[in-house]
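Trainee: Could you take a close look at a single part of this model and then relate what is found there to other parts? I would welcome one connected account.

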Amino acid sequence: MSKRQKAEFQAIKAFGLAGALAVTLSSAATSPARAFQDEGTIILCSIEPLSGIGTSFGQPNYLGKVIAVDEINAEGGIEVDGKKMKIKLISEDDQAKPDQGVPLFRKCAESDNALVITGTQYSRVTESMWGLLQKKLDDPKDGGLQVPSMSFLSMKAGVTGVSEWAFRNAGDEPAQHELAIKLMEERYGPFKNYSGAVEANEGHSVAAWKAAYTPALDRRNIKATEYVEWYETDRDFSVQIRKLKRANTDFFILSSHLQANVGAMLEAQRQGFKPKTIISHIGSDAAEMVELGKQSTEGIVFPTAIHMAFPAPKVKWLADEYKKRTKETYMPQFVGLGYEGIMIVKEAIVKAGIKNRPETLAADRRKVRDQLAAIRDYKSFAGMTLNMNANRDIVRPVYLVKITGGDFKLYWTPEKGFLF
Amino acid sequence: MSYWFTIAALTGINVLLAYSVYASFMSGQVSIGQAAFFGVGAYVGASLTVLGGFDLISAVLVAGFAGAAASLFVGVPTLRLKGYHFTIATVAFAEAVRVILHNLKYGRPRSSGNVGDQWLGPDGATGFRHIAYLNENGITTGQYALIVWVIVVIVVIGFFLVERSRIARILRTIEEDEVVARAIGIPVARYKVAAFVCGGFIAGMSGALYAHLLTFISGGDFIIHLSTIALAYVVIGGGQTMWGPLLGAILFTVLPETLRPIKDFRIELFGLLIILVMLFRPTGMISAAAVRRWSTPWAPKAQRKRPTEAF
Amino acid sequence: MLQTAVEGLAYGGLYALLGLGFFLTYGVLRRIDLAYGTVVMTSVYLGAMIAGGLGLPWPAVVVLTLVAGVPLSLLVAYIAFFLIRQDARFSMAATLGIWMALEELILQSPGRGRGQPVSNPLQDMSLWLGELQLRIDHLLIFGLGLVIAMLLVRFLSTSRNGLAIRVSAYDADVAALLGISHRRMMILATVIASAVGCIAGWSFAVAQSGIDLHFGMWATVKGLVILVLGGTQSIPLIVTAAVGLGIAERVGSELIGSGYRDLVGYGVILLLLAAEPFLRSGGLRSGDRR
């Protein structure tokens, strides 16, 4: 064989091999999804970013779900049609990419026949996934998917508007921020200059500014004294911080995520910019704020959904369980939201009275959806009471945490008010 | 099954994206800016169905022309540049387009939206929601995959015909040596621009198809990663013949899906795959020689030289 | 405005270091290394992670970064530029693969892709000249950039190895005729480029008190931009371009806000490139083709 012939032969071989590999693997990937119905398990899907840039959010959220499913199964499962059935949680990884999330959502809905699809973390991906759903219930002209889906931390305001099958357990962000602003005003006010900084390439931060902070300021007839933007990838915040400082900002709204927050706050410390009050949005209370920001992030206040410092014993148990599985000492709120989300879904399934047979899947899904929409006075493991609102967002009491002494400390609770 | 239909549709979209790179690749021009034309096509296509009441096919075609116009705009001044400077110009253009798309707001208010969801059309960084043409018109994923692949087949046939015509030989001559091409009277600039604009047209169509599959788009979708991966399809599959981009895009889209069982190490294998192919089969998986060997007697007999060595 | 310009100057020093690394890679190997920023990021990340894990003091981060970065760069150059040398386009694709693989490696590391703290011993030290604030760490970094640039100029224009690198960059065949090993020069240039890049990455991380995944692509894009602005001919031009970019970016975001800030930068590049064939100043050599 000449050199060239050899090369060609190799090419054909490589091509054939790749093709064969693809076919085998794809058949392997589709087949196991079929059998579940006979085994008498309830299929739930979890789509989260487990690799790629969203890992540090998706992993904790997924772990929270796993802990919940393990707990339910350890008790024998959920009673369906007279007998106990275990939950099978199918986990998929969307890498925080919409073009992965879309096929996965279809896989969960139509191949895995999941009763409920939970996820995902990144609002950008959630938007595309929920766009596949039927927009309005009982609309015969709409060929969209009809499966209940619940995201435990797509924060972007307004995402559930995409479909009546879409639910969120992320809290009512406008209400959270309104309350946070009001409380801080009562305690430290009056303030003269309200200024905002927005992470302009982050849908969630922009939406929070538009749908939560701006209306809150409007209600007070206040126009932001200064408004600056930066990007998640920015490394230098000197210009923006100087503008904020020049505006004599005393109430600083940080509508941005942890990486940019840390850089901005370090710069603020350097320039000696010390507003009386700083509030930031949910999802930013990650360990990095303290690890990387050190002194500079002291005093920032966040609304939070579930915090490991909550007094409920089950929260402590969850934090221990999380620590046991990951060796991490700080439990992000995503763990609690994942855990709680599965428990809410369980509640809806129990109430829905499903049959869980292949032929009843469509009816079962509808029943569960209706039960999710009707969640009222649900008692969370973390101690608070939850309600689903008309926008299909779970309304939950707001708690505030404050970075104090290099740690996130519970700062305000509805029951006790300010704790320090 | 609809999972695989979605993958099929995505694969088709990526194949189109690969061909948009390949069009100018044939003349030796490397673009890392196809995300720009893809993004323009996505925004134009989605706007037409959502706001303008167009049907899908017309929207896709108009989106193609929008992509072509954008590529004409950037191609005319920059295709005179040599080597990498053209590549860098495409990167700069793509980033500029991303910034513009990111800040774009037009459309009309929605009467019945939730808080934070009261706008129809692109709303700056919040993105472009409610691209619901498929659901509203009862187009299933299978049907959509079919539509995408009909377009792909038309494009493939187009390339098949071009590959066997004088045009391809002219483009390859330009790829091998621009000076020689000019010396034998080929209007080099015109051919380069034409090839690039064809690429822009295909990318525009592909973008419109993407927007309707994804139902939501935002400026952040069209980052440099997309352009580089589009280029990788061509380089991995093979840039010497039209079968390369086809294979590259199919492999790149389907393989990661089939590798789902080995969840944690997916991307590493993916990156590794690029390195391995470049190491052991740098002409891409399908080379011109291999195609000649497989093809039947009607293939052109003229021996083509391999592209010039870089050193 | 003056304050902004001064800060831009400091960032110009950092950009200069990034640009110089790119300049050496491109100048000598005639290859675009898309993994450049990612390699630097990976090295600093590993350095910070290991030093943080073992509780080592801050100078250890520099050492660890260099220990990780130089071999890594050599490996990248060996795979992407030596083993794959038929066509620059293939090399570029290989660096793309390396970029993706490294990013994923960081995500699978014990750090899980989370930002790693890098302590800044000079965090709050500033000189105040009236209203003007000068960060000591910025001054040092700017000085470092200038010193390294001057050393490189000296090295390339007077030392034996430096001249050999330039000959080799100009024409591998001529170099071979003169008895210069192209391979050796490639290795030397890669080592220098990666060391400069690592120092740039580290000083950046120190100035920002941390390092995260975003830094990789960001550094690559900045390096490319500086290469376009400064050209491939001279180090002073690269440094000027870097400083210019640093100032223009800061002043730009002061004047027009961040939303369209980047648009100005990319617009300038496009204009420059579009005008280039007409200007032909400094003229690109024919050897520049791929």
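Mentor: A:Tyr378 has A:Leu386 of β13(A) as its bridge partner. The two strands concerned, β12(A) and strand β13 (residues 385-388) of chain A, run antiparallel and are joined by two bridges; strands count as paired if DSSP finds at least two bridges between them. Helices (H or I, at least four residues) and strands (E, at least two) are DSSP runs, numbered from the N terminus. The model is a predicted one, in which local features need pLDDT of at least 70 and side-chain atom pairs count only at pLDDT 80 or more, while totals for chains, interfaces and linings use all residues. Residues are numbered from 1 along each chain as its sequence is written, and chains are lettered from A and ligands numbered from 1 in the order in which they are written.

The pair belongs to an open, antiparallel sheet of three strands in chain A, ordered β12-β13-β14. Its edges are β12 (378-379) and β14 (394-395) of chain A; each has a single partner strand, so one side of each lacks a neighbour in the sheet.

Another open sheet of chain A has eight strands in the order β8-β7-β9-β10-β11-β15-β16-β17, with mixed pairing. There the edge strands, pairing on one side only, are β8 (226-230) and β17 (417-418) of chain A. Strand β16 (residues 407-413) of chain A meets β17(A) through two bridges in the antiparallel sense, and A:Thr413 lies opposite A:Gly417 of β17(A).

Strand β1 (residues 41-48) of chain A pairs with β4(A) in parallel over four bridges, A:Thr118 being the bridge partner of A:Ser46. β4(A) is also joined by two bridges to strand β5 (residues 149-151) of chain A, again parallel, with A:Ser149 as the partner of A:Ile117. From β4(A), A:Val116 and A:Thr118 point one way, A:Ile117 and A:Gly119 the other, and all are buried. A residue is buried if 20 or more other C-beta atoms, placed from the backbone, lie within 10 Å of its own, exposed if 12 or fewer, and partly exposed in between.

A:Ala319, in helix α11 (residues 313-326) of chain A, also counts as buried because it has 20 C-beta neighbours inside 10 Å. Leaving aside residues up to four places away in sequence, A:Ala319 touches A:Met308 and A:Met331; contact requires C-beta atoms within 7 Å.

In chain C, helix α1 (residues 2-29) packs on helix α9 (residues 214-230) at an angle of about 75°, with the axes 8 Å apart. The angle makes α1(C) roughly perpendicular to α9(C), a term for 65 to 115 degrees, whereas under 35 is roughly parallel, over 145 roughly antiparallel and the rest oblique. The contact involves, among others, C:Tyr15, C:Leu18 and C:Phe22 of α1(C) and C:Ala219, C:Ile226 and C:Leu227 of α9(C). Its residues divide into eight nonpolar, four polar and one charged.

Chain C has eleven helices and four strands, and 57% of its 290 residues count as buried. Its C-alpha trace spans about 60 × 50 × 35 Å along the principal axes.

Definitions and conventions: Axes are lines fitted to C-alpha atoms, for helices over the stretch in contact, and angles run from 0 to 180 degrees between N-to-C directions. Two residues are in contact if their C-beta atoms, placed from the backbone, lie within 7 Å. Ala, Val, Leu, Ile, Met, Phe, Trp, Tyr, Cys and Pro count as nonpolar, Asp, Glu, Lys and Arg as charged, and the others, Gly among them, as polar.
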